[in-house]
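Let's take a walk through this model together, one neighbourhood at a time. Please keep the 3D view open as you read.

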Amino acid sequence: MRLKAPYETSAGTEWNRRIILVQVFSEGLSGWGEVTVDETPTFTSETTETAWHILRDFLVPMVLGKTVSGGSDVGDLLRSVRGHEMARAALEDAVWDIEAQRNNLPLSALLGGTLTEIPCGAALGIQLSHDLLFEKIAGELAAGYQRIKLKIKPGHDVGLVAKVRKTFPKIRLMVDGNSAYRLEDASLFERMDDYDLEMIEQPLWWDGILDHAKLQSKLKTPLCLDESIRNLHLAKEAFELKACRILNIKLGRVGGHSAARHIHNLCVASGIPAWCGGMLESGVGRAHNIAMSTLPGFVLPGDVSASQRYWEEDIIEPEVEITRNGTIKVPKGAGLGYTVRVPRVEQLTVRRRTWKDTSRISFAVVGRQN
Ligand code: MG
């Protein structure tokens with residue numbers, strides 16, 4: 001699927017997204033999951049192709065034909081696999097979708113979610129010019145988004161923040177460094193303390209919890225971890241070391257709904273506000289994010305936004321829309337609450353693998369469309 005516009009972060013620029021969807025069949029129902037991975041190993045170590053390999057050669061054979069009571073059992077079946085969280089999440093989350101349909105519940109309710117609308121922020125990639133950035137910020141605010149997140153990279157950071165803050169003195173504003181900085185850059189972040197940022201997201205090395213703790217101790221502004229937190233144990237380490245005061249929970253990055261819920265519960269118990277980050281998902285991943293974001297600890301606006309911010313045409317219906325107040329209304333239908341547009345998915349599919357057994361699992365890479 002081609003993004004409406006290229007998305008630039010400190011890790012590079014994306015325009016075309018090859019997306020792996022997993023569809024699981026059981027008892028006449030089917031559930032969908034999405035591998036929320038990048039093409040390159042620049043966010044975590046996973047890529048589209050490693051996810052395909054891990055699903056095909058390990059994960060699918062581990063669950064095929066097995067009896068499970070629901071999504072959380074899938075995590076147990078896959079327990080011996082180290083890492084590869086995004087590949088695991090897609091498979092587990094598809095089963096959560098089935099479990100919700102089987103119980104005739106919205107997935108949000110099955111997970112224990114209580115919010116009926118979720119607050120939304122807009123994440124803006126690095127833009128070609130400041131004027132273009134200001135124009136985009138004004139547009140997102142006019143659309144209702146409750147906070148603005150700016151991607152930063154070395155040479156494109158504190159000066160930019162100062163300019164944006166001067167133009168938009170009152171808005172909820174945050175920045176995301178995507179691990180482009182080192183502890184030696186601490187003074188740069190100390191200068192950001194002057195601009196009333198809601199948080200600074202993952203400025204330092206992608207698995208560097210200790211360095212984030214050292215940086216957080218120097219700052220008034222809360223740090224928020226993203227890339228570093230890939231499971232519950234790492235979240236515990238980060239909170240005990242005081243490496244952050246806010247957590248971005250991404251469903252794929254932590255391995256699916258079971259782990260996400262455990263981490264959410266830890267956040268609530270630790271007094272750490274959580275929010276849901278985005279990975280340029282198609283509608284399937286977006287729908288899973290919406291369900292997760294209804295848990296009561298997701299108190300800050302997330303990066304889950306309208307389908308139309310990213311895609312000319314999404315693969316679910318209805319498409320995800322935001323209200324004038326900058327919220328998404330949580331769907332009330334069973335399962336994901338959105339219908340996957342199978343003909344559209346078929347049209348975009350460039351690779352497929354199907355298993356037929358006592359259960360049947362298929363997944364497909366959705367590729368470039370001209
Ligand atoms: Mg981030």
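Which residue in β2 is the bridge partner of Arg-2? The partner is Asn-16. Before going further, a word on the ground rules: this is a predicted model, in which local features need pLDDT of at least 70 and side-chain atom pairs count only at pLDDT 80 or more, while totals for chains, interfaces and linings use all residues. Residues are numbered from 1 along each chain as its sequence is written, and side-chain values use heavy atoms, with hydrogens and water left out.

Back to that bridge. Strand β1 (residues 2-9) runs antiparallel to strand β2 (residues 12-16), and four bridges join them. Two residues lie between β1 and β2, and together these strands form a hairpin. Strands here are DSSP runs of E with at least two residues, helices are runs of H or I with at least four, and both are numbered from the N terminus. Two strands pair if DSSP finds at least two bridges between them.

Now turn to the open sheet. Seven strands make it up, in the order β6-β7-β8-β9-β10-β11-β12, with parallel pairing. Its edge strands, β6 (122-124) and β12 (274-276), each pair on one side only. β6 is joined to β7 by three bridges in the parallel sense, and Ala-123 has Lys-149 as its bridge partner in β7. Further along, strand β10 (residues 223-225) and strand β11 (residues 246-249) run parallel with two bridges; there, Cys-224 stands opposite Ile-246 of β11.

Five of its five residues are buried, so β7 is largely enclosed by the rest of the structure. Buried means under 20% relative accessible area, exposed means over 50%, and partly exposed covers what is in between (1.4 Å probe, protein chains only). In a regular strand the side chains alternate between the two faces of the sheet. In β7, Arg-147, Lys-149 and Lys-151 point one way, Ile-148 and Leu-150 point the other way, and all are buried.

Arg-147 also leads us to a ring. Its charged end sits over the ring of Trp-275, 5.1 Å from the ring centre. Another arginine, Arg-309, has its charged end over the ring of Tyr-145, at 5.5 Å from the centre. A charge sits over a ring if NZ of Lys or CZ of Arg is within 6 Å of the ring centre and within 35 degrees of the ring normal.

What about rings with rings? The structure holds two aromatic pairs. Phe-134 and Phe-168 form an edge-to-face pair, 6.2 Å from centre to centre with 75° between the planes. This pair links distant parts of the chain, 34 residues apart: Phe-134 is in helix α5 (residues 130-143), and Phe-168 is in the loop between α6 (158-167) and β8 (172-176). Both Phe-134 and Phe-168 are buried. Tyr-181 and Phe-189 have ring centres 5.0 Å apart and planes at 85°, so they too form an edge-to-face pair. Tyr-181 counts as buried at 1% relative accessibility, and Phe-189 is buried at 0%. Rings of Phe, Tyr and Trp (its six-membered ring) pair if their centres lie within 6.5 Å; planes under 30 degrees apart count as stacked, over 60 as edge-to-face and the rest as tilted.

On to the helices. Two packed helices are described by the angle between their axes and the distance between the axes. The axes of α5 and α6 come within 11 Å and cross at roughly 45°, and α5 and α6 are therefore oblique to each other. Angles under 35 degrees count as roughly parallel, over 145 as roughly antiparallel, 65 to 115 as roughly perpendicular and the rest as oblique. The axes are lines fitted to C-alpha atoms, for helices over the stretch in contact, and angles run from 0 to 180 degrees between N-to-C directions.

Finally, some backbone details. Most residues other than glycine have a negative phi, and most peptide bonds are trans. His-84, in the loop between α2 (71-77) and α3, has a positive phi of about 50° although it is not a glycine. His-84 counts as partly exposed, at 26% relative accessibility. Gln-202 has a positive phi of about 35° and lies in the loop between β9 (200-201) and α8 (209-216); Gln-202 is buried, at 0% relative accessible area. Last, Glu-317 and Pro-318 are joined by a cis peptide bond with omega of about -5°, and Pro-318 is found in the loop between β13 (316-317) and β14 (327-329).
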